[in-house]
Amino acid sequence: MGAGSGAAPACAPPLRVAISPAMRIRLLVTGGTFDKEYNEVDAVLAFRETHVPKMLELGRCRLDVEVQQLLLKDSLDLTDADRAGIVRAVRECAESTIVITHGTDTMVRSEEHTSELQSRGLISYAVFCLK
């Protein structure tokens, strides 16, 4: 289209480059408030699906990120079995850089469960705010 046509230029698709698993980032989703949606009928916050892929798309993420949903829970509702599942998922990751989404209330408790695994790579806990 020529100049002045009024059409917005198309955005380039995310750049995906084949890289080794050591260069990839694994993003483990556990829930937290940022993944909740407001249900206007019941006037409550509830989980439907993770917002992480959409957030990465809106942010035009060009990194090689593998999103894996483990849970969709408020961190106050996480059990030791849930935390054991997080540890298991971290152990099974081929990637050496791992980000775990988590609510704020019990993040420290979950980090204590995965702290023994820090030697296998970089493990970070993240709390996101979409709005």
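**View 1. A look at the cysteines in this predicted model.** The disulfide count here comes to zero, since the rule asks for a pair of cysteine sulfur atoms within 2.5 Å. Cysteine 61 has a relative accessible area of 15%, so this residue is buried. Cysteine 93 is buried as well, because its relative accessibility is 4% and the cut-off for buried is under 20%.

**View 2. Strand β5, residues 97–101, and its partner β1.** Of the five residues in β5, four are buried, so the rest of the structure largely encloses this strand. Strand β1, which covers residues 25–31, pairs with β5 in the parallel sense, and the pairing runs over four bridges. To find your place, look for isoleucine 25: threonine 97 of β5 stands opposite. As you follow a strand, keep in mind that in a regular strand the side chains alternate between the two faces of the sheet.

**View 3. The largest nonpolar core, with 10 residues.** Strand β1, helix α1 (52–58) and strand β4 (65–73) each supply at least two of the core residues. The largest share, three residues, comes from β1. There is also a second, separate core: this one has nine residues, including Leu28, Ile86, Val87 and Leu117.

**View 4. Valine 52 and its contacts.** Setting aside neighbours within four places in sequence, you can find valine 52 in contact with Leu27, Val29, Phe34, Asp35, Val67 and Thr101.

Note on methods:
Residues are numbered from 1 along each chain as its sequence is written. This is a predicted model: local features need pLDDT of at least 70, side-chain atom pairs count only at pLDDT 80 or more; totals for chains, interfaces and linings use all residues. Side-chain values use heavy atoms; hydrogens and water are left out. Buried means under 20% relative accessible area, exposed over 50%, partly exposed in between (1.4 Å probe, protein chains only). Two strands pair if DSSP finds at least two bridges between them. A nonpolar core is a set of buried Ala, Val, Leu, Ile, Met, Phe, Trp, Tyr and Cys residues joined through side-chain atoms within 4.5 Å. Contact means heavy atoms within 4.5 Å.
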